[in-house]
Amino acid sequence: MYTNSPHINGFHDGSSSSSEKRPGTVQKGRPRRGRGSRSFTGGGMRVSEDKQPTQVEGPPCTDFDMAYFQSYSHVGIHEEMIKDSVRTETYRAAIMQHQSSIAGKVVMDVGCGTGILSIFCAQAGARRVYAVDASDIAVQASEVVKANNLSDTIIVLHSRVEDVQIDEGVDVIISEWMGYMLLYESMLGSIIYARDRWLKREGLILPSNATLYMAPVTHSDRYSASIDFWRSVYGIDMSAMLPLAKQCAFEEPSIETISGENVLTWPEMVKHIDCYTVSISELESVTKSYKFKSMMRAPLHGFAFWFDVEFYGPGTAMHGLIPSNPDDNQVNDGSQRKKRANPNDALVLSTAPEDPPTHWQQTIVYFYDPLEVEQDQLIEGSVTLSQSRENRRFMNIRLEYVSGGRSFVKESVMRN
């Protein structure tokens with residue numbers, strides 16, 4: 001419910017916080033990808049000479065999971081992803097860059113969708129590709145494989161990856177698992193399951209690591225279009241609509257494209273994920289404290305989140321360069337920047353505002369009312385991202401922040 005309370009933005013002028021618990025949703029037409037995998041009859045399942053699959057118990061398939069998989073049966077979702085040339089071309093380039101690790105080897109494509117990444121791997125010389133997807137799009141993927149005369153190489157498995165029976169280890173796991181805000185949809189758990197059950201020692205995971213970033217942003221045009229519009233409509237005072245307009249516009253995380261000009265500070269890392277070592281448990285809840293210093297005087301409208309993924313091989317030290325992360329007591333003033341690898345060592349797929357746009361865009365958590373910040377003013381607090389108890393594919397977002405002597409809390413839920 002919305003309120004006319006002056007605390008509608010979830011703040012007061014004291015040192016303690018008042019909480020605004022307004023679960024919101026992302027409503028952008030359709031959810032992003034589904035994946036997983038039911039077994040396709042036919043296709044030989046051969047036992048590898050050097051590794052037997054490890055028995056790992058996967059989570060049960062819930063009604064929420066089934067709805068999630070079904071959402072990816074719509075061709076429009078896959079069209080959107082494939083048309084994202086930044087995404088698709090980076091994956092193809094990464095496959096070719098690691099061709100020596102793929103040629104003659106066994107590959108598993110987790111959440112294969114239409115099968116395009118599986119086909120790229122076959123073109124790179126893979127001996128066998130297990131293309132796994134729980135959505136009905138797997139039926140079309142099988143036809144695409146046949147149409148390209150790759151049925152002897154690519155085996156499409158229509159099933160959750162947790163339910164697949166494959167009697168050999170795999171050399172490579174590839175997946176485009178990233179959701180909005182990186183962790184939305186919780187698909188990374190399926191990659192971890194596949195890794196622990198089938199990936200051979202010194203096997204390759206693409207992408208190899210991922211990093212989620214955040215930064216405070218200003219976006220007056222967006223606020224004006226959604227809120228200020230109601231102050232005067234055809235000469236009529238409709239300001240009574242403002243509380244409802246704010247709730248409807250900003251209770252949900254918003255998926256949209258911003259530019260570097262909207263960002264008030266250097267970004268800060270929220271979570272770094274090494275796909276070779278990450279565990280299921282560490283993804284259930286992520287908390288990060290932050291301290292920013294605004295580079296300009298501007299209204300602070302909320303926080304933006306974006307991510308990078310990198311495509312390192314297993315032989316790289318620490319599986320890639322971990323982004324430098326300032327101590328929680330240090331102000332992020334840009335003195336510590338992300339350490340990018342040499343382009344010859346790794347490819348980077350970035351969804352940052354300053355990089356070419358992708359279908360992930362950026363995720364913005366807006367406040368109900370902007371805060372005026374001065375140049376060099378501190379903005380500090382913490383963010384917690386946790387899997388929803390209702391549905392692990394949903395994500396709870398809790399932002400605590402302090403600026404100008406006032407404390408704030410914003411809570412929302414990202415869900416289908």
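Trainee: Which residues of H7 are buried?
Mentor: This is a predicted model: local features need pLDDT of at least 70, side-chain atom pairs count only at pLDDT 80 or more, and totals for chains, interfaces and linings use all residues. Residues are numbered from 1 along each chain as its sequence is written, and side-chain values use heavy atoms, leaving out hydrogens and water. Buried means under 20% relative accessible area, with a 1.4 Å probe and protein chains only. The buried residues of H7 are Leu188, Gly189, Ser190, Ile191, Ile192, Tyr193, Ala194, Arg195, Arg197 and Trp198.

Trainee: Why is helix H7 described as largely enclosed?
Mentor: Helices are DSSP runs of H or I, at least four residues, and strands are runs of E, at least two, numbered from the N terminus. Cover for the buried residues of H7 includes strand S3 and helix H10. H7 is largely enclosed by the rest of the structure because of its eleven residues, those buried number ten.

Trainee: How many aromatic pairs does the whole structure hold?
Mentor: Rings of Phe, Tyr and Trp (its six-membered ring) pair if their centres lie within 6.5 Å; planes under 30 degrees apart are stacked, over 60 edge-to-face, the rest tilted. A search of the whole structure gives 14.

Trainee: What kind of pair do Phe250 and Tyr366 form?
Mentor: Both residues are buried. Their centres are 4.9 Å apart, with 40 degrees between the planes. The pair is tilted.

Trainee: What kind of pair do Phe307 and Trp360 form?
Mentor: Phe307 and Trp360 are both buried. Their centres are 5.4 Å apart and their planes at 80 degrees, so the pair is edge-to-face.

Terms used:
Buried < 20%, exposed > 50% of the residue type's maximum accessible area, 1.4 Å probe, protein only. Contact = heavy atoms within 4.5 Å.
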